Amino acid sequence: MATSSLAVSSLNVPMNSIFIGGQWVTPEGRDLIPVDNPATSEVIASIVDADCSDVHAAFTAARTALPAWSDLTADQRADHLDALADALHKYGDDLATLASREIGMPISESRAVQAGLPEAVLRSTADVARHFAWNYVDASGSQIIREPVGVVLGITPWNFPVHQIVAKLAPALVAGCTIVIKPAELTPLNALFLARLCAEVGIPAGVVNVVTGRGSTTGEMLVQSDGYDLVTFTGSLTVGRHIGAVAGQRVVRATLELGGKSPAVVLDDDGLVDAVRTTVRNCFTNAGQKCNAPTRLIVPEEARARATEIAVAAANEYVIGDPLDEATTMGPLASAAQRDKVLGYVEGAKSRGATVAGGTPVDGLFVRPAIITDVEEHDPVVQDEIFGPVLVILGHHGEDDAVRLANDTPYGLSAEVWSSDASQAQRVVRRIKAGQVRVNGVRSPRLPIAPFGGYKASGLGRELGPFALEEFLEIKAVLGRTDEPEEKR
Ligand code: NAD
């Protein structure tokens, strides 16, 4: 099963190895976990299920590297991020291909979000750091100093694997922290590739460490360790609650980026076709395995039948197949567990009388996207995060009802609002409990600095831009005279 290295372009990524203190370590006697291509079920490689001694070594390396790294100026650390961004640019196609093989994302999506987006996040975070107020004197005459929190533990999911690592690594590093990353066991190879790039561009040994393994083994050992000063987690609500509880017990900071059940609220039927087609596209990116996917389309009740027709027609246009084929617009689900979960929700909704188009298995892990309507507001398909290509359409009876439905889940990650009346859009935006609200189908800005994160059960903290940097900084107030503060740039 195991291969000794995975050739990714001219760079080889050693298999069955973890990256600690700038070295590739191949620990003996660990369980090996196969990494599958979900489109073909082929085993691409295997990884190590790291144990306690690996965890200890990784935190020791990160702790050892901390003083020298945090002593660099912010500008010097920002230069390292730019160098890593250049490497992502150079090897972007390889990274995108690898990510598509690991997760099944269509290659055109992979290029944008697994390579292009992380590169932009690295560059924009470097820029934020160069203009950040690291040191200032407040109105009381106190000196305010921002200092790195210390050693960071980053635990990430599989759905946008490169982006989710970079969204943690970039602000942590530029803040002056060092990091131990544990990627998801379904998608560890891109994390190892990223480690290879960190070494290639000369990020000092121990600043970035990657430890692979299962959540229940390696992940749990990492979380229970006293080796870190802050844990930043992206993943499910269940695991997030657990990590938050452990962090709370130890009084270390935790940022949690959790799930979502985001609404797309259409307030009138002007532009219904555009609203519905855009929602379908945003919902089915990465076969719906996207935390901020708008999975609940809430339209005026009188427009619900027409909206459903438009959505079903848009869903039928998906080309399902090999993620590496440029013509493919939907790949497989990432694992058999994901496929079974999606099909289970669809069957459950049918059994409770819902009208369902699609949602049928194709081959292997491929599933046709589902459009569901005629469901109760508290049906599991309306309330639960399914994390697959399932869009539910609900009808509202005016603005108040639309807002009530939009807010009626435990989550609050993001929302979309469609209205031909700008003042109504603004009013509704203010009433929706979500960390990010998009109006009338606006696309993500090229500069990825708008804060991303959730209200309610969608999490604690924000990623991207200056708000992300804040998460990795301590605040020190100095009362009384010292020398004038030096800008630590
Ligand atoms: P998951 O919670 O199962 O796993 C996430 C990570 O946690 C993995 O690396 C896993 O190995 C690790 N883990 C699992 N158990 C652990 C434990 N006991 N201790 C330490 N680590 C442990 O989530 P997933 O299935 O990989 O990802 C899907 C979830 O992630 C969805 O709920 C999705 O909404 C969420 N997500 C959120 C965002 C966001 O920014 N809000 C982004 C992407 C995904």
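## Basis of the model

The model is predicted: local features need pLDDT of at least 70, side-chain atom pairs count only at pLDDT 80 or more, and totals for chains, interfaces and linings use all residues. Residues are numbered from 1 along each chain as its sequence is written, and side-chain values use heavy atoms, with hydrogens and water left out.

## Overall fold

The protein chain holds 15 helices and 24 strands; these are DSSP runs numbered from the N terminus, helices being H or I with at least four residues and strands E with at least two. With a radius of gyration of 23 Å, close to the 23 Å that the globule rule gives for 489 residues, the chain is as compact as a globular protein of that length. That radius is taken over C-alpha atoms, and the globule rule is 2.2 Å times the number of residues to the power 0.38. Along the principal axes, the C-alpha atoms fill a box of roughly 65 × 65 × 40 Å.

Domain 1 covers 5–258 + 458–478 and domain 2 covers 262–439, with bounds from an automatic or database domain assignment. Their C-alpha centres lie 31 Å apart. In contact (heavy atoms within 4.5 Å) are 20 residues of domain 1 and 25 residues of domain 2.

The two domains bury about 1,900 Å² between them, 62% of it on carbon and sulfur atoms. Buried area is the accessible area (1.4 Å probe) that two parts lose on being put together, summed over both. In domain 1, Pro38, Trp158 and Ser458 lose the most area to domain 2, together 26% of what that side buries.

## Salt bridges

Side chains of opposite charge can pair when their charged atoms come close. A salt bridge here is a side-chain nitrogen of Lys or Arg within 4 Å of a carboxyl oxygen of Asp or Glu. By this rule the count comes to 27 salt bridges. One of the pairs is aspartate 229 with arginine 63, at 3.0 Å from N to O. This pair links distant parts of the chain, 166 residues apart: aspartate 229 sits in the loop between helix H7 (215–224) and strand E12 (230–234), and arginine 63 in helix H1 (residues 52–71).

Between domain 1 and domain 2 the count is one salt bridge. Arginine 111 and glutamate 326 also meet through their side chains in a salt bridge, at 2.6 Å from N to O.
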